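Colleague: I would like to go through this structure with you, step by step. Please start with a term that we will need when we talk about surfaces.

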Amino acid sequence: MALKYVKTALLLCSLLVATQSAAALWTINYPKPLDDSDARAEYPIALLKLALDKTGVNYELLPSDRILLSSKALRQLRENREVNVVWSMTDSQREKDLLPIRIPIAKGLIGLRVFVINVDREAEFARVSSKSELMNFTPLQGEEWPDTKILQANGFNVATVPNFKDAYSLLLQNKGDFFPRSVIEVSAELEGRSASLKLEPDMAVYYPTAMYYFVNKSNPTLARLIETGLNRAIEDGSFEALFKSSNEAILEQLDIKNRRIYTLDNPLLPPETPLADERLWYVIEQ
């Protein structure tokens, strides 16, 4: 009889803990975008919300109190300040410093780069017919971006800037030849910018990489929560539906299928990158 009471008490305790866990409020802070019109953040935020919804937890998803550009956001996350989740392109150092959720949220499109150029340089780019000829031009990239090291490792002479806004300014001054931007970023970035800048119409470069959600190493519970939600969204098709609704029209607008795509090596790609899982990557049809 005593054993029966003990088992009943344990069951009630388990139910109470489970109920409290489901009712607990998760406050999740992400880096505040540059402004309300910064469309680059819309898809990562929407996917994060989808993943959290799939877990059934009670949560609030809030921006940081101040604008945090990528490098600053990653530093704050590493120090466990201001934000507890950041989405960013991976490399070996970031995966040492932070805890990655190894599901590429943009299905590898962060490594597919088209070129913003100055309109008065269009004829020069039109004459490019090989990767070696493209390497005669100087790309602009951020000082702490993994892309900078990737381009350098492939033989490009890269001009670096503190942030992407500076890159656009230098491009207007012809202090760099082109600004490679991901296909998921470039359309939103060019809206409202100078008419002296345009998208190069025929070329792109691709290097294998992934944009992940990262959390602080001391927060594996949050990492498991987001990973669980993402996997559920993959399994029920809602991940793919959101990805397509957010990106398919952009890829068509950029005419990716008809561009010459030069493939680059990525020596920064961590060996744990799930390249073998075909569900997680976008296949470029040409």
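Modeller: A residue is called buried under 20% relative accessible area, exposed over 50% and partly exposed in between, using a 1.4 Å probe and protein chains only. This is a predicted model, in which local features need pLDDT of at least 70 and side-chain atom pairs count only at pLDDT 80 or more, while totals for chains, interfaces and linings use all residues. Residues are numbered from 1 along each chain as its sequence is written, and side-chain values use heavy atoms, with hydrogens and water left out.

Colleague: Okay, how many helices and strands does the protein have?

Modeller: The protein has 11 helices and 12 strands, where helices (H or I, at least four residues) and strands (E, at least two) are DSSP runs numbered from the N terminus. The C-alpha trace spans about 90 × 40 × 30 Å along its principal axes, and 48% of the 286 residues count as buried. If we take the contacts (heavy atoms within 4.5 Å) with a separation of 6 or more, 79% of them are between residues 24 or more positions apart.

Colleague: And which residues have the most contacts inside the largest nonpolar core?

Modeller: They are Leu47, Leu134, Phe179, Val183, Tyr213, Ile226 and Leu230, in a core of 85 residues. By nonpolar core I mean buried Ala, Val, Leu, Ile, Met, Phe, Trp, Tyr and Cys residues joined through side-chain atoms within 4.5 Å. If you click on Val183 and leave aside its neighbours within four places in sequence, you will find it in contact with Leu109, Leu112, Val114, Ile250, Leu251, Leu254 and Ile256.

Colleague: Let's look at H2, then. How far does it reach from its first C-alpha to its last?

Modeller: Helix H2 covers residues 42-55, 14 residues in total, and reaches 21 Å, which is close to the 20 Å expected at 1.5 Å a residue; that expected span is 1.5 Å times one less than the number of residues. After H2 comes Gly56, which has a positive phi near 80°.

Colleague: Which residues of H2 are buried, and what do they pack against?

Modeller: The buried ones are Tyr43, Pro44, Ile45, Leu47, Leu48, Leu50, Ala51, Leu52 and Thr55. They pack against several elements, among them strand S1 (25-32), strand S2 (58-67), helix H10 (220-236) and helix H11 (238-253).

Colleague: Which residue lies over the face of Tyr168?

Modeller: That is Arg193, at 4.0 Å from the ring centre. Tyr168 also has a side-chain polar contact of 2.6 Å with Glu189, that is, a pair of N or O atoms within 3.5 Å, where within protein one must be able to donate a hydrogen and the other to accept it, and residues adjacent in sequence count only if both atoms are side-chain atoms.

Colleague: Where is Glu189, and what else does it touch?

Modeller: Glu189 is in helix H9 (residues 186-190) and is buried, with a relative accessible area of 5%. Not counting residues up to four places away in sequence, Glu189 touches Arg40, Phe164, Tyr168 and Arg181. Phe164 is in helix H8 (residues 164-172) and is buried too, at 7% relative accessibility.

Notes:
A charge sits over a ring if NZ of Lys or CZ of Arg is within 6 Å of the ring centre and within 35 degrees of the ring normal.
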